[in-house]
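Me: I have a protein model to read, and I am new to this. Could you take me through its features one at a time?

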Amino acid sequence: MGVLECASGASVWRGYDYYKENKVVSLEEIETNIFTAKVSGNSSEPYSVELHIDHPRKSKCNCPHADGKRIICKHLVAAYFTVLPEEADKFYAEALAYQEEEEKRQDELSDKVCHYVWHMKKSELQDALLQLLFEGPEWQFDRFVRKNGLQDDW
């Protein structure tokens, strides 16, 4: 598995942000596909990173999230993207494509739901509404009561 596959989604996105914000202040290849870097973060001093491209779990960072653990943090991801900017571009392009596909799927699903609802009988709609109001979250019921002025009837 590669660096991005070993990192959490949050670490990849924050690492991408750090890369784009040029928070990798130094980078040096010490062996083939092994890099040391300094990455500025929340601390006053930059974090020290040792990135192993071929064996990501051997990578290290002295930030509180990853220090002494086999975790790929945002600082390691930022260093990775600095070493391989084409991977950063690929990651972002894939994320945008996924988002566009997801929006398309959501639009199609919304269209199906609307079509279905428009073709329901009145009694089916009433049953569905009551089920949503009484089995859904309390705020939903309260909002329905307020919006329709029903609290004054009690």
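What follows is a dialogue on reading this model, from the whole chain down to single residues.

Me: Where do I start?

Reply: Start with the ground rules. This is a predicted model, where local features need pLDDT of at least 70, side-chain atom pairs count only at pLDDT 80 or more, and totals for chains, interfaces and linings use all residues. Residues are numbered from 1 along each chain as its sequence is written, and side-chain values use heavy atoms, with hydrogens and water left out.

Me: How many helices and strands does the protein chain have?

Reply: First, the terms. Helices (H or I, at least four residues) and strands (E, at least two) are DSSP runs, numbered from the N terminus. Here the protein chain has 6 helices and 4 strands. Along the sequence, the pattern reads α-α-β-β-β-β-α-α-α-α.

Me: What does the radius of gyration say about the protein chain?

Reply: The radius of gyration is taken over C-alpha atoms, and the globule rule is 2.2 Å times the number of residues to the power 0.38. For 154 residues, a compact globule would come out near 15 Å. The protein chain has 25 Å. Its C-alpha atoms fill a box of roughly 75 × 35 × 25 Å along the principal axes.

Me: What share of the residues is buried?

Reply: Buried means under 20% relative accessible area, exposed means over 50%, and partly exposed lies in between (1.4 Å probe, protein chains only). Of the 154 residues, 26% count as buried.

Me: Which residues of α3 are buried?

Reply: They are H75, L76, V77, A78, A79, Y80 and F81. That is 7 of the 10 residues of α3, so this helix is largely enclosed by the rest of the structure.

Me: Which residues touch the most other members of the largest nonpolar core?

Reply: A nonpolar core is a set of buried Ala, Val, Leu, Ile, Met, Phe, Trp, Tyr and Cys residues joined through side-chain atoms within 4.5 Å. The largest one here has 29 residues, and V49, L51, C61 and F81 touch the most other members. The elements giving two or more residues to this core are α1 (3-6), α2 (9-20), β2 (34-39), β3 (47-52), α3 (74-83) and α4 (85-118). The largest share, 6 residues, comes from α3.

Me: What is F81 in contact with?

Reply: Contact means heavy atoms within 4.5 Å. Leave aside the neighbours within four places in sequence. F81 then contacts L4, V12, G15, Y16, Y19, E87, A88 and F91.

Me: Now a strand residue. Is E28 buried or partly exposed?

Reply: E28 is partly exposed, because its relative accessible area is 49%. This residue is found in strand β1 (residues 24-31). Beyond its neighbours within four places in sequence, E28 contacts I34, F35 and T36. E28 and H52 are 24 residues apart in sequence and 12 Å apart in space, C-alpha to C-alpha.

Me: Where do N22 and N33 lie?

Reply: N22 lies in the loop between α2 and β1. N22 is exposed, because its relative accessible area is 63%. N33 sits in the loop between β1 and β2. At 28% relative accessibility, N33 counts as partly exposed.
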